[in-house]
Amino acid sequence: MIASFKTYLQQKAGISEDDFSKVELALLTKQIAKGTVLLRQDEICSEVYFVSSGLLRSYTVDNAGKEHVIQFAPENWWLSDRNSFLFNEPALFFIDAIEDTEIVVLTHSFFDIAAGIDGFNEFNTRALHNQVRQHQQRISLLIGATAEERYIDFIERYPNLLLRVPQWMIASYLGITPESLSRVRKELARRNFKPNK
């Protein structure tokens, strides 16, 4: 688990062996069983999760008890409730494991140490900017795109998840009913649609 995170930071942030040794003691690893809830709405989020293997998701639950999927996090993705983590406010999201998952757990201690490493702050800023960009694109799709356009965006953003995620979760992520998703998939199959990625 640590090895995959080390490789990720070396490739994405240019962190050296010596620099990684400085933050390694601040890292925790966990093996999470499918269905395990890592964070509940209204708790304070004190951790960021890097997925070494497996699959996490974040979601909200409305007053009627219906789940609304916000994000999926497969291998080499990060997941957290950043608002809660950064500002010590109650979490907006739940986070749980869709599959048996291995994660590297990053606490505030990790980020405090990593802030002193050349290249990490720039990398972390880019990661936050990229997350904002993705959320803006997602909001735009939910407001103005057709169900088909949303589904095409999903399969291009998460090309390896179609067979790993239950269809009702995909429908929830897209903001449509499972029946609408089924219709979209049948229409795309009829047209022999192939994704760009």
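## Second largest pocket

Helix 3 is the main contributor to the lining of the second largest pocket, giving four residues. The model is predicted: local features need pLDDT of at least 70, side-chain atom pairs count only at pLDDT 80 or more, and totals for chains, interfaces and linings use all residues. Residues are numbered from 1 along each chain as its sequence is written, and side-chain values use heavy atoms, with hydrogens and water left out.

Helix 3 (82-87), strand 5 (67-73) and helix 5 each supply at least two lining residues here; helices (H or I, at least four residues) and strands (E, at least two) are DSSP runs numbered from the N terminus. The second largest pocket holds about 190 Å³ of space and is lined by 14 residues, with Arg 82, Asn 83, Phe 93, Gln 131 and His 135 nearest its centre. A pocket is an open set of points on a 1 Å grid over the protein atoms alone, where a 1.4 Å probe fits, with protein on both sides within 12 Å along at least five of seven lines; lining residues have an atom within 4 Å of a point. Its lining comprises six nonpolar, six polar and two charged residues.

## Largest pocket

The largest pocket contains about 460 Å³ of space. Among its 16 lining residues, Tyr 8, Trp 78, Ala 127, Asn 130 and Gln 134 are the closest to its centre. Two or more lining residues come from each of helix 1 (2-13), strand 6 (78-79) and helix 5 (120-144).

Helix 5 gives the most to the lining of the largest pocket, namely six residues.

Terms used:
Points joined across faces, edges and corners; volume = space filled by probe spheres on them. Nonpolar A, V, L, I, M, F, W, Y, C, P; charged D, E, K, R; others polar.
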